[in-house]
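Open the model in your viewer and keep the sequence panel beside it.

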Amino acid sequence: MLHRSVSIAVLLLAATSAAAQSPLETRRAEVFAAERAFARSMADRDFGAFGRYVAEDCVFFSGTAALHGRDAVLGAWKPFFEEAAAPFSWEPDQVEVLSSGELALSTGPVKNPQGAVTARFNSIWQRQPDGRWLVIFDKGGPP
């Protein structure tokens, strides 16, 4: 009976340990959630929400030109929010977090309104002191 009780206790401990996320897995899940919310701002046509994910000192690439700073990025992206329908959408399919837990890469497909993949986005996120994640670098590339 003692052997069975110990076996059950070991199994319960293993199940509990497997269910608990490591700190990096927690951060990874946070970035997936932030990227999905960032993408949802485009789908919802919510320019204010979009801007809340863009860091003040960011760099976003527009073709071969680099847009430096939040104001430049928001100025360049505002036209994408002017029509009733979003001109494109994106969804992360991979997120990796540095061992420090402070920087992360998210990447995934960019789709046109018909759902065809037209590009791939690559974003670098930085964890802020208050726990929020903001995009500091963004660059698209071929699918």
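## The whole chain

Select everything first. Buried residues account for 33% of the 143 residues in the protein chain. Keep in mind that this is a predicted model. Switch to a surface: the protein chain exposes about 8600 Å², and carbon and sulfur atoms supply 60% of that area.

Now go to cartoon. The protein chain has four helices and seven strands. Trace the elements from the N terminus and the order reads α-α-α-β-β-α-β-β-β-β-β. Show contacts between residues at least 6 apart in sequence: 45% of them join residues at least 24 apart.

## Strand β5 and its partners

Select residues 103-111, strand β5. Which strand do nine bridges join to β5? The answer is β6, residues 117-127, and the two run antiparallel. Pick L105 to see one of the pairings: its bridge partner in β6 is I124.

Click V95, then S106 in β5, its bridge partner.

While side chains are on display, keep one rule in view. In a regular strand, side chains alternate between the two faces of the sheet.

## Two hairpins

The hairpin of β4 and β5 has five residues between the strands. Select G101 there: it takes a positive phi near 75°.

Move on to the hairpin of β5 and β6, which also has five residues between the strands. Which residue takes a positive phi near 95° in this hairpin? Select G115.

## The largest pocket

The largest pocket has a volume of about 400 Å³. Of the 21 residues lining the largest pocket, select F61, W77, F88, D138 and G140, the closest to its centre.

Now colour by element. Those that give two or more residues to the lining are α2 (23-43), β1 (54-62), α4 (70-77), β6 and β7 (133-141).

Finish by colouring the lining by residue class. How many residues of the lining are nonpolar, polar and charged? The lining of the largest pocket has 12 nonpolar, five polar and four charged residues.

Definitions and conventions:
Residues are numbered from 1 along each chain as its sequence is written. This is a predicted model: local features need pLDDT of at least 70, side-chain atom pairs count only at pLDDT 80 or more; totals for chains, interfaces and linings use all residues. Side-chain values use heavy atoms; hydrogens and water are left out. Buried means under 20% relative accessible area, exposed over 50%, partly exposed in between (1.4 Å probe, protein chains only). Contact means heavy atoms within 4.5 Å. Accessible areas come from the Shrake-Rupley method with a 1.4 Å probe; for residues, only the protein chains shown count as cover. Two strands pair if DSSP finds at least two bridges between them. On a 1 Å grid over the protein atoms alone, a cavity is a set of points where a 1.4 Å probe fits but cannot get out, and a pocket is an open set with protein on both sides within 12 Å along at least five of seven lines; lining residues have an atom within 4 Å of a point. Grid points are joined across faces, edges and corners, and a volume is the space filled by probe spheres set on the points. Ala, Val, Leu, Ile, Met, Phe, Trp, Tyr, Cys and Pro count as nonpolar, Asp, Glu, Lys and Arg as charged, and the others, Gly among them, as polar.
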